[in-house]
Amino acid sequence: MSSQEASITDFTAPGADPRAGADVRRRLRAIFVGSVGNLVEWYDFYAYAAFALYFAKAFFPDGDEVVQQLNAALLFAAGFLVRPLGGWLFGHLADRYGRRNALTLSVVMMCFGSLIIAVTPTYASIGLAAPVILGLARILQGLSLGGEYGTSATYLSEVADEKNRGFYSSFQYVTLIGGQLCAILVLLLLQKVFLSTEEIRTWGWRVPFAFGAVLAVVAALMRSNLHETEAFKNSQAVVKKTSSLRALLNYPRELLLVVGLTMGGTAAFYTYTTYMQKFLRLSVKLSDDQTTMVTAGSLVFAMVLQPIYGAISDRIGRKWLLIGFGVSGTLFTIPLLTTLQAAHDALTAFLLIAAAWMIVSGYTAINAVVKAELFPTSVRATGVGVPYALTVSIFGGTAESIALWFKSIGHESWFYYYLTGCIAVSLLVYLTMRDTKSSSAMDRHE
């Protein structure tokens, strides 16, 4: 077995080749640094959702709280609308000039977006310009995040050894969820330790964005020292005669697969992350403190599940986990959300959301590696990033807005049926697609 194929088992065995041990340490460092940068990016992006309950009034002075949250959610969705452009831009950079350069530039752009939000004056100070500037900052963050997903999914999948690829790549969603958890924890610290509720509403909501900008600078410095993947280096021997998008059109089936397998998963993911905080506060009627604690607890539970499900996929394949998510999501989404809406106590709410995460993790833990395994190296970052970002823009970024709109017109339960429909469509894709673990394109460099 070569050092490039060495696994953790080989490294820890007595008499293991020292070169294999060095290779494993190199992989682990790359995965750690890549994951930390991913966490920072998602923290910056999710800080908006976590603190929207506090700053919405500063930018949208309408007296109706649901309308204020809907306006804030629409700007949240705007960040998703530009993600396909970010997926193409950074995917092109990653496929042409290297994964490391694209990852570093992505986190630098996120830094600027967070810094702008931290210093933007309120509606009372500059009028309509305030939400406009906020929207521009969200666009910068959306471009950054659109590039982050495809590039980091590609990097983590390429740097992992074949036997543990599902396990290692699952850390993309560990840190993705961890980014939101960090935003919630910052909110909790501000609520409980440093500031009053009124201070958070007045100026304290700016703190997490300033903090995120600083973290993004640190992450950029760390990423600038990452090693490039062997797969990318090998692909450079292949002459590229077409643009990244034109080359991508040679894989229409794979592009449609990414759209189909993402649709239900992304709608479910954003339901139980960004929207769930508002749902607990506005529909379940939990207090601010209860909402924060339940949200944080459920995210910790979700993080723990990701590597477990990723490791399982390395043993039984990716397809069965996706089918499990599709079947369970189709059958139980409506009962879960209906019961949750009627819960009205924190413990019941947490247990129901935890049950939902046991379903959704069948998608989240492995969707990155599944997409990476569909495409050859020369178009992998673009192939993962563009169709994924387009699908997330349509079905993920809009989930919160659609749910709040249904609530605003008095038909909140309609969203439960909408989400179930999205998952059912993806289930059809899971049933008909091949298992990418056994038919991976990771070693194809054309």
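Does Cys111 count as buried or exposed, and at what relative accessibility? What follows answers this first. 

Cys111 counts as buried, at 12% relative accessibility. Buried means under 20% relative accessible area, exposed over 50%, and partly exposed in between (1.4 Å probe, protein chains only). Cys182 counts as partly exposed, at 27%. The count of disulfides, pairs of cysteine sulfur atoms within 2.5 Å, comes to zero.

This is a predicted model, in which local features need pLDDT of at least 70 and side-chain atom pairs count only at pLDDT 80 or more, while totals for chains, interfaces and linings use all residues. Residues are numbered from 1 along each chain as its sequence is written, and side-chain values use heavy atoms, with hydrogens and water left out.

| Residue | Relative accessible area | Class |
|---|---|---|
| Cys111 | 12% | buried |
| Cys182 | 27% | partly exposed |
| Leu255 | 16% | buried |
| Val300 | 41% | partly exposed |

Leu255 lies in helix H14, residues 252-282; helices are DSSP runs (H or I, at least four residues), numbered from the N terminus. Beyond its neighbours within four places in sequence, Leu255 is in contact (heavy atoms within 4.5 Å) with Leu248, Phe375, Gly383 and Pro387. Leu255 and Tyr388 are 133 residues apart in sequence, and their C-alpha atoms are 8.8 Å apart in space.

Val300 is in helix H15. Together with Val304, Ile308, Ile312, Ile316 and Trp320, Val300 makes a nonpolar surface patch of about 570 Å². Helix H15, residues 288-316, gives the most to this patch, with five residues.

Notes:
Patch = residues over 30% accessible without salt bridge, like charges linked within 9 Å, V, L, I, M, F, W, Y side chains within 5 Å. Areas by Shrake-Rupley, 256 points an atom, 1.4 Å probe, with all protein chains shown as cover. Salt bridge = Lys/Arg side-chain N within 4 Å of Asp/Glu carboxyl O. Helix = DSSP H or I, 4+ residues; strand = E, 2+ residues; numbered from the N terminus.
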